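Take a look at the model, then read on.

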Amino acid sequence: MIEETSAGIVLFRKEGAKKLFLLLHYPSGHWDFVKGKMEKGETIHETAIRETKEETGITDVKFLDNFEEWIEYNFQYQGELVQKKVVFFLAETNTKDVEISHEHLDYIWMDYNTAMEKTTFDNAKTVLTRAQMLLSETL
Ligand SMILES: Nc1ncnc2c1ncn2[C@@H]1O[C@H](COP(=O)(O)OP(=O)(O)OP(=O)(O)OP(=O)(O)OC[C@H]2O[C@@H](n3cnc4c(N)ncnc43)[C@H](O)[C@@H]2O)[C@@H](O)[C@H]1O
């Protein structure tokens, strides 16, 4: 059994009165937020920032306080069970143009309701809803 931890960001940008969230199309078929595995010596924030840069080219990320959501899931990788934990932060960017890496198929900026439909997994939908609630309270 493999245990791994990833960190990612529910990344949003403002467009007029709207807030748009970034989703990536993963090669295994699902749509999810930017994230990736922790490397040795990194903090979870450092992982989230590095993965965001690597997977989207975005470097201007402003974290919001009081948002740290953990999810867990299992899957098979090369015949082994992987127990995975992922932490998501919430951050704003002013960058619209995304340069996806070879690790993803596509990206899209969507408002909350459309992103809720597009996001594949229920645990990610829960994270998105918590993000939206915090944004409604603070912005
Ligand atoms: N254990 C391992 N050891 C070494 N290399 C590895 C490895 N696992 C993957 N890799 C490789 O590492 C690279 C990716 O590295 P990273 O880019 O660093 O990793 P990641 O985004 O955290 O995850 P990844 O894309 O692997 O998988 P995900 O959890 O989204 O999706 C994985 C599975 O979980 C499912 N899943 C994803 N999100 C889920 C969720 N929220 N709930 C339930 N299931 C979910 C997906 O459908 C999919 O089947 C890829 O090249 C990959 O081939």
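## The domain

UniProt, in an unreviewed entry, lists residues 2–134 as "domain: Nudix hydrolase"; such annotations may be inferred rather than shown by experiment, and the positions follow the numbering used here. The end C-alpha atoms of that span lie 33 Å apart, and the span is 25% helix and 43% strand.

This is a predicted model, where local features need pLDDT of at least 70, side-chain atom pairs count only at pLDDT 80 or more, and totals for chains, interfaces and linings use all residues. Residues are numbered from 1 along each chain as its sequence is written, and side-chain values use heavy atoms, leaving out hydrogens and water.

## Around the ligand

There are 19 residues around the ligand, and Ser6, Lys35, Tyr73, Lys84 and Asn123 come nearest (a residue counts if one of its heavy atoms lies within 4 Å). By class, this shell has seven nonpolar, five polar and seven charged residues.

Which strand gives the largest share of the shell? That's strand 6, with four residues. Strand 1 (2–15), strand 4 (34–37), helix 1 (44–56) and strand 7 (80–92) are among the elements that each supply at least two.

## Polar contacts and cover

Now for the polar contacts (pairs of N or O atoms within 3.5 Å). A backbone N or O atom of Lys37 sits 2.8 Å from a ligand oxygen, and a polar side-chain atom of Glu103 is 2.9 Å from an oxygen atom of the ligand. Tyr77 has a side-chain N or O atom 3.4 Å from a ligand nitrogen.

On its own, the ligand has 940 Å² of accessible area, and the protein covers 71% of that (Shrake-Rupley method, 1.4 Å probe).

Note on methods
Polar contact = N/O pair within 3.5 Å; in protein donor to acceptor, adjacent residues only side chain to side chain. Nonpolar A, V, L, I, M, F, W, Y, C, P; charged D, E, K, R; others polar.
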